[in-house]
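Colleague: Please pick one part of this model and take me through it closely. Then connect it to whatever else deserves a look.

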Amino acid sequence: MSDFQILIESILQLLITGVLVGALYGMMCVGLAMIFGIMRVINFAQGDFMMLGMYATYFAFGAFGIQAFFGAELGAYVAVIAAAPAMLLFGWIIHRLMIRRVTGTRTAGMEADGHYAQLILTLGIALILQNGAMILFGADLISIRTPLSSEAWAIEPFGESMPVLLFFNKSRVLTALFSAAAIIALWMLIQRTFLGKSLRAAADNAEAATYMGINVDKAHRIAFAIGTAVTAMAGGLLATNYPFSPFVGLEYVIIMYAGVVLGGIGSIIGAFWGGMLIGLIQQFSTLALPTQLQNATIFVCFLLVVMLRPQGLFGRNVERT
Amino acid sequence: MNMAVLKSIRVFFALALAYMVLASFVTNSYYQLIMTLVLIWAIFGLSWNIFSGYTGLVSFGHASFFGIGAFATVLAQIFWGLSPWLMFFISGGIGALAGVLIGFPTFKLRGHYFALSMLAYPLALMYVFQWLGFPEVSIPRVTDNPAAYMQFSDGRIYTLIAMVFLCAVVVLSRAIEASRFGMALIAIKQNEAAAEAAGIDTLRWKLKAIALSGGIAAMAGSLYAVVILVITPQSVFGMLVSAQALTVTMFGGAGTLWGPIIGSAFLIPIAEILHAELGNFLPGIQGVVYGIAIVVLITAAPEGMFWKVRDWLRSGRGETLAASAEETPTATVTPLPARETRDLNPEIVLDVRNMSKNFGGLKAVQDVSFKVNKGMILGIIGPNGAGKTTLFNLLNGFQLPSEGEVYVDGVNMARRKPHELCHAGVGRTFQIMRPFTRMSVRDNVKVGSYVTAKDEAEAEAIADNALRQVGLSHIAHQLAGGLSTKDLRLMELARALAGRPHILLLDETLAGLGKEEAVEVVAVIRRLSASGVTVVIIEHTMHAMVQLVDRFLVLDHGQVVTEGLPQDVTRDARVIEAYLGKKWVANA
C-alpha cells in the first residue's frame, strides 16, 4: 500500500470518526442551545447535567431489568431513553426552585441582565452536583459496557482497485443515528407545535409574549427541562463509549459553549453543526498535533471563528441592543 | 481623594489591623495558610473586579493571568534561580502584557461572546503547559538564606506579605474608583455607545483596565505559588480558578472593592475548614456545602451581600432605591399654541447635505438635506420607523452614511468617530435612558464632563454647572436609581451638556413624560437655547414640540416630507397623512 493510500485511509477514517463523535457533540450542544442560545440563560452546570445523565443511564441500565430484558447491545440505548424523563423532571425542578429567580422577567433591573447572578448560581449548582456525585457514586471511572463499543463494520469503499479499509465503530454509528433522530424530533417540536411556537415567542421577546398571553416563566421552564434532558441523553450515549467520573462535566461544558457559539447563538440546528464541527476539528488535529494539544485546537478555532464571524456559522441576528 | 474616600479606607485599615492581630496568635500552620489564602483570593477577586466589576465585561478567564504569574515564578526559580521577590514584580509586568495581548483582539466582541472567549484562553494555556512537560512543578527549597527566596518557616510572614499586597490593591482600587479612569470604566459599563458619544476612547480605557487587572492577578498567582509550593496547570489555569475570582467577588458584590474582600473572608475559610474536618470520610462535602452557600446567597441576594446590606441600610434611612415607576404619558393630541416666530441668527452651524443610509435593500434615510442656524431649535418629527434615530446616528458618527456630507461649523465631519464629533462640540442624548443607578446624579453628569475637563476640580465644576442649567442641583447627591423619568431625562440632558457642546442632538427627550413634566422639560430646553446652544430634537409626538421649536423637519419613510414653521407644518396635509393615514386628511 502506497503512502498516498495510507494518507487517504487515515483522512477518511478521521472523517468518519469525526462525524460520528461530532453528532454526539452536536446533540449536547443542542441541549445547551435550548437554554443558552434561545433563553439566554448562562448555565455553567450544563456539563454536570450531562454527568447526571450518564449516571442515570448507568443505573437505569443496571436496574429495572433493562440489561437482562433487552440484552447488553440494545439495553444501553433503552436505558438512555428510560433516563430521559427523570432528567426532564430534574431540569424542571431545578428551574422551578432556583433558575427562575434569576431569569426571564426577573432579570429586569439586575446588572448585565442577570447574567452575573445566573453564572454564580449555576456554578453553585455545579459544585453541589460534582461533589454530591462524588459522595454518592465515588470518584472512580466507570462505563456502560456494551459489546458494540468494541465491534466495528469494516468497509472497503473503493473495491479491489484501491485497498482502503475503513472502520465504523458499531456503538458510535448507533449513537450518531440516535442523536440525529433526537434532534429531528426536537426540531419538529419547535417548528411545528404550539408549544414550540410559544417557546420561540417567549425567547424572541419575553415582554411581547406576555401580552400575547404566553406564560413566559413556564415557557422558560419547559425549555430548560428539554435542554437538560437532551444534553443528559447525549451524556448517556457518550457513556457507552467513554468512561466517566463525577467531574466529567468540566471537560464538556467548554465544548458545548464552543459549539453553540460556532453554530450561532439562537439556532438549534446551528448548534448541532457547531458540535459536529468541533468533533471534526478534534479528530483532524491529531494529524498534526500531539494529543495533549487536541483540546487547545478547539479553543483556538473557537476564538478565530468568534472573532472573524461573531454571529456564528449559521446565526443571523448578532446582538439585540 | 476626598474625605469619603479616606474614611472608607480607614474602615478597611482598621479591619486589616484586627486581622493581623488575630493572625499573630495563630500557631497552627494549616490555619496560617488559610489566613494567607483568604487574602490572596481577595486580591485575585479585586483584580477581577477592577476589570469586570467596573467595566461590566465579564471575564471567565482570569485564570490566564493567575496561572502565568504562578508558572513564571516557579519556572524562573527552577531554571534561572531567580528569587520570587523579583519574579513577583516581573509577573505583574507579564500579566499586564498578557492582558493587552488578550484584550486587543477580544475587545472586538461584546456580551456573551466576550465572556465565553475569555474562557478559552486559560484552558488553551492549560493544555499548552501540560504539553510543554510541566504536569507538576514545585518551588525548589533553598537552605542558604531562604528569606531572600521568600521562604519562611513561620507562616505568619506570608500572611503579612499578602496583607501588605492587599492593602496596596485596595488603595489602588479606591483611587481608581474616584478617578477619571474609574468614571470612564463605569461609563463604559453603563452604556458603551453613550460613553463613546461622551468623548471617551473606550478601547484605550478597556486596555488599560485589563492590563492593570491582569498584572495584579499575575502577582496574586505568583504569591499563591510561593505559598502553596506545588502547582499544576489544572490548579492555576483550571476553570475553578477563574470561577474563584467570580465567586468571591459576586458573593460579596461586584463593582465595589468590598465585594471580593467580604466574599473571600466568608467562603475560603468555610471551604478549607470543611475540607480539613470532613474531607476524610466525606470527600467532596466541602464542595457541596460551598455550593449550597452560593445557591442560597444568590437566590436571596442576587447582587451580592454588600449591595444587599447597603440597600437595606439605605432604605432604612429613607433613601429609596426603588426603580421609578413609568409615568403614564398623556394622550392629548390638541395642538398647543405655537411659540412666537423669532428671527434666526444667519450663521449656519450644522449643514446636512444629501444624507442617505441603506441597510441592504432598506433605505432608512434617503437624500435628507437641511440647515440649522446658530441658536435655533429644530424639531425633527415623523412616525415610528421614519428614520429619525438613524439620522442622528449618522450625524454623530455611530453609523457611516452611504452618501452625503455633514458640515459642523463649515468643517465636513461625515464619517468621523463619535468621540471626534463630541470634541467638535456635538452632544447627544439617547432614546433609551441608561443611568448608572448606584451612582449619584452628580457623578452621572461628571462622566460627561471628562471630554473637556483637565482635572477633577474642573470636571466637578462643569458637572455642577450643567446640573444648575437643567435645574437638578437640589438632588445632585441622590442616587440616580430613585429618580423619576423626568429627572432622569434632565440628568441625561445635563450629562450631554457637561461635554460643553454647542450643538445638542436630543433623541425623544419628551417621551414617557406627563403633560406638566413635558412643559417643565420644554422650559429647560428653551433656556439652553437662549444661552446660545443650538438644539436639534427628535420626537414622534407633536403637541409639546409646537411650543418649543423654531422650525420643524418632517420625515417619513426616510425622506423629508416638508420643512417649515410649526404653524404651517401642523396644517400640512402630507404631515397629517403621514401621522394619521389618508382618511383623516379630509377631516382636518
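Modeller: The expected span of a helix is 1.5 Å times one less than its number of residues. Keep in mind that this is a predicted model. Now take helix α11 of chain A, residues 294-308. α11(A) has 15 residues. From its first C-alpha to its last, α11(A) reaches 21 Å, close to the 21 Å expected.

Next, the sides of that helix. Six names make up the buried set of α11(A): Ala296(A), Ile298(A), Phe299(A), Phe302(A), Leu303(A) and Val306(A). Viewed down the axis of α11(A), these buried residues fall within an arc of 155°, so they line one face of the helix. The general rule is that an α-helix has 3.6 residues a turn, so residues three or four places apart point the same way. The face of α11(A) turned away from the buried side carries Leu304(A) and Leu308(A), both exposed.

Stay in chain A for a loop residue. Asn241(A) sits in the loop between α8 (216-238) and α9 (249-263) of chain A. Asn241(A) counts as buried because it has 20 C-beta neighbours inside 10 Å. Leaving aside residues up to four places away in sequence, Asn241(A) touches Ser149(A), Ser171(A) and Arg172(A).

Now the interface. Here 41 residues of chain B are in contact with 41 residues of chain A. On the chain B side, α5 (111-131), α11 (239-252) and α13 (285-300) each supply at least two residues. α5(B) gives the most, with 13 residues. By type, the chain B side divides into 28 nonpolar, ten polar and three charged residues.

Chain B as a whole comes next. Chain B holds 23 helices and twelve strands. Of its 588 residues, 48% are buried. Among contacts in chain B with a separation of 6 or more, 75% link residues 24 or more positions apart.

Strands pair through backbone hydrogen bonds, either parallel or antiparallel. This sheet is open, has four strands in the order β4-β3-β6-β7 (chain B), and pairs in the antiparallel sense. At the edges stand β4(B), residues 362-373, and β7(B), residues 411-412; each has a single partner strand, so one side of each lacks a neighbour in the sheet. Strand β3(B), residues 348-359, runs antiparallel to β4(B), and eight bridges join the two. Within that pairing, Val352(B) has Phe370(B) of β4(B) as its bridge partner. Helix α15(B), residues 388-395, packs on the sheet. α15(B) touches β3, β4 and β6 (403-408) of chain B, and its direction makes about 65° with that of β4(B).

Most residues other than glycine have a negative phi. Asp367(B) is not a glycine, yet its phi is positive, about 50°. Asp367(B) lies in strand β4 of chain B. Asp367(B) counts as partly exposed because 14 C-beta neighbours lie inside 10 Å. Met150(B) also has a positive phi, near 55°, and is likewise a residue other than glycine. Met150(B) is found in a loop, between β1 (137-138) and α6 (155-177) of chain B. Met150(B) is buried because 23 other C-beta atoms lie within 10 Å.

Last, a covered strand. All six residues of β10(B), residues 534-539, are buried. In a regular strand the side chains alternate between the two faces of the sheet. From β10(B), Thr534(B), Val536(B) and Ile538(B) point one way. Val535(B), Ile537(B) and Glu539(B) point the other way, and they too are buried. β10(B) pairs in the parallel sense with β5(B), residues 377-381, over five bridges. β9(B), residues 503-507, also runs parallel to β10(B), joined by five bridges. Ile537(B) features in both pairings: Gly379(B) has Ile537(B) as its bridge partner, and Leu506(B) stands opposite Ile537(B).

How values were computed: Residues are numbered from 1 along each chain as its sequence is written. Chains are lettered from A and ligands numbered from 1 in the order in which they are written. This is a predicted model: local features need pLDDT of at least 70, side-chain atom pairs count only at pLDDT 80 or more; totals for chains, interfaces and linings use all residues. Two strands pair if DSSP finds at least two bridges between them. Two residues are in contact if their C-beta atoms, placed from the backbone, lie within 7 Å. Axes are lines fitted to C-alpha atoms, for helices over the stretch in contact, and angles run from 0 to 180 degrees between N-to-C directions. A residue is buried if 20 or more other C-beta atoms lie within 10 Å of its own, exposed if 12 or fewer, and partly exposed in between; C-beta atoms are placed from the backbone. The arc is that of the directions from the helix axis to the C-beta atoms. Ala, Val, Leu, Ile, Met, Phe, Trp, Tyr, Cys and Pro count as nonpolar, Asp, Glu, Lys and Arg as charged, and the others, Gly among them, as polar.
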